[in-house]
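Dear colleague,

Please find below the structure that I am handing over to you. My notes on it follow directly after.

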Amino acid sequence: MKEEKQKRKRVYLRGLRDGFPIGAGYFAVSFAVGITAKNAGLTVCAATVMSLLNLTSAGQAAAISLIAVGTTAAELALTQLVINARYFLMSCALSARLAPQISFFHRFLVAFGITDEIFGIASAYPGQLSPYYCYGAMSAAIPGWCAGTALGVLFGNVLPALVVDALSVALYGMFIAIIVPNTRQNRAVAALVVCSMAASWLMSILP
């Protein structure tokens, strides 16, 4: 029992270490989200709770935009369902890598904390995935996202527009940093990345 606890602790600390850069990146990006939330009339408390319960930059940005124009709760919920549908697939993929004896409670918590970046590092975890690795990554990433949102609401308007624009693209650079090492090790992943980039480019020019 003692050895099992020590193993869980080691795995958790590894997740915390791997999640720390993600948390730092989230802090920068969510600062811009906090500014948008303030402009939409949200309080610090409301914006922070939204960040805690909705761990997605695209979903949260869309929600803030809809709240600003006075949308209905049904429209807001449907928009979030569509934007965040990809997390269903990510949750299934990670769940398949957990040991069969892992309880529903652990699977639920892992699914709740999935973001694109956490999914990236969890997918690269060698061998069978432990929920405690995901918990460690979440312990670094979620506070960074929430703290950045809160500070963005409080102090965002004092920053120059150029700095805010730079913060808003930090997440893309971080996600590239997570994906690139896998493309070097796995040709299938590299091919999928190239195909995704080509498809994205085509969608930007096709009518």
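The second largest pocket of this predicted model has a volume of about 360 Å³. On a 1 Å grid over the protein atoms alone, a pocket is an open set of points where a 1.4 Å probe fits, with protein on both sides within 12 Å along at least five of seven lines; lining residues have an atom within 4 Å of a point. The volume is the space filled by probe spheres set on the points, which are joined across faces, edges and corners. The lining comprises 14 residues, and Glu4, Lys7, Ile102, Ser130 and Pro131 lie nearest the centre. Helix α1 (2-39) and helix α8 each supply at least two lining residues, with α1 giving the largest share, four residues. Helices are DSSP runs (H or I, at least four residues), numbered from the N terminus.

A search of the whole structure also finds five aromatic pairs. One of them, Tyr125 with Tyr133, is tilted, at 4.6 Å centre to centre and 45° between the planes. Rings of Phe, Tyr and Trp (its six-membered ring) pair if their centres lie within 6.5 Å; planes under 30 degrees apart count as stacked, over 60 as edge-to-face and the rest as tilted. Both Tyr125 and Tyr133 are buried, that is, under 20% relative accessible area, where exposed means over 50% and partly exposed in between (1.4 Å probe, protein chains only).

Residues are numbered from 1 along each chain as its sequence is written. Local features need pLDDT of at least 70, side-chain atom pairs count only at pLDDT 80 or more, and totals for chains, interfaces and linings use all residues, while side-chain values use heavy atoms, leaving out hydrogens and water.

With kind regards
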